[in-house]
Amino acid sequence: EPLEIRLTYRALEILTAIAAQPGLSNREVGQRAGVLSDSAIAKMLGRLARVGLIETTAQGQANGRANAWRLTPRGKEVERTIRRESAAGRR
C-alpha cells in the first residue's frame with residue numbers, strides 16, 4: 001500500500017534510529033538522525049506518526065515526561081524493505 005508521505009533521507013534516518021533502539025525520546029531520535037532542532041524533529045516525528053509508521057509508547061507530554069518512540073508494524077515493514085533494498089544496492 002502506498003505511503004502518504006515522501007520518505008526523505010532524514011525520515012529514513014529517523015526510522016532507522018527508532019528501529020535500532022525503540023524507546024528513544026524526541027531529542028535522542030534527533031541526535032541519532034542528525035536533526036538537531038527540537039522543533040524540526042518534533043514536526044518530522046509528528047508526520048511519521050500521522051501516517052502510521054511510528055507511535056509513542058509513553059504519554060510523555062501529557063505527563064511531563066519524554067516520549068518513547070517505536071515503529072508500528074507498518075513502520076517495521078517499511079524499515080525492513082528499505083534496509084533490504086539498500087543492501088541489495090550495495091552488491
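**Helix packing and the core**

Q: Which residues in helix 1 meet helix 2?
A: In this predicted model, Arg10, Glu13, Ile14, Ala17 and Ile18 of helix 1 meet Val29, Arg32 and Ala33 of helix 2. Contact here means heavy atoms within 4.5 Å.

Q: What makes up the contact of helix 1 with helix 2, by class?
A: There are 5 nonpolar residues, 3 charged and no polar ones. Ala, Val and Ile count as nonpolar, Arg and Glu as charged.

Q: What is the handedness of the crossing where helix 1 passes helix 2?
A: The crossing is right-handed. That term applies if the near helix is turned clockwise from the far one by less than a right angle.

Q: Why are helix 2 and helix 3 described as roughly perpendicular to each other?
A: Their packing angle is about 100 degrees, with axes 9 Å apart. Roughly perpendicular covers 65 to 115 degrees. The angle of about 100 degrees falls in that range, so the term applies.

Q: Which residues in helix 2 and helix 3 meet?
A: From helix 2 come Asn26, Arg27, Val29 and Gly30; from helix 3, Asp38, Ile41, Ala42 and Leu45. By class, this contact has 4 nonpolar, 2 polar and 2 charged residues. Gly counts as polar.

Q: Which residues of the largest nonpolar core touch the most other members?
A: They are Ile14, Leu15, Ile18, Val29, Leu45, Leu48 and Ile54, out of 18 core residues. Membership requires a buried residue, with under 20% relative accessible area. Helix 1, helix 2, helix 3 (38-50) and strand 2 (69-71) each give the core at least two residues.

Q: What does Leu45 touch, beyond residues up to four places away in sequence?
A: Leu45 touches Ile14, Ile18, Asn26, Val29, Ile54 and Trp69.

Q: What pattern does the chain follow along the sequence?
A: The order is α-α-α-β-α-β-α. That comes to 5 helices and 2 strands.

Q: How much of the chain do buried residues make up?
A: Of the 91 residues, 33% are buried.

Note on methods: Residues are numbered from 1 along each chain as its sequence is written. This is a predicted model: local features need pLDDT of at least 70, side-chain atom pairs count only at pLDDT 80 or more; totals for chains, interfaces and linings use all residues. Side-chain values use heavy atoms; hydrogens and water are left out. Helices (H or I, at least four residues) and strands (E, at least two) are DSSP runs, numbered from the N terminus. A nonpolar core is a set of buried Ala, Val, Leu, Ile, Met, Phe, Trp, Tyr and Cys residues joined through side-chain atoms within 4.5 Å. Buried means under 20% relative accessible area, exposed over 50%, partly exposed in between (1.4 Å probe, protein chains only). Axes are lines fitted to C-alpha atoms, for helices over the stretch in contact, and angles run from 0 to 180 degrees between N-to-C directions. Angles under 35 degrees count as roughly parallel, over 145 as roughly antiparallel, 65 to 115 as roughly perpendicular and the rest as oblique.
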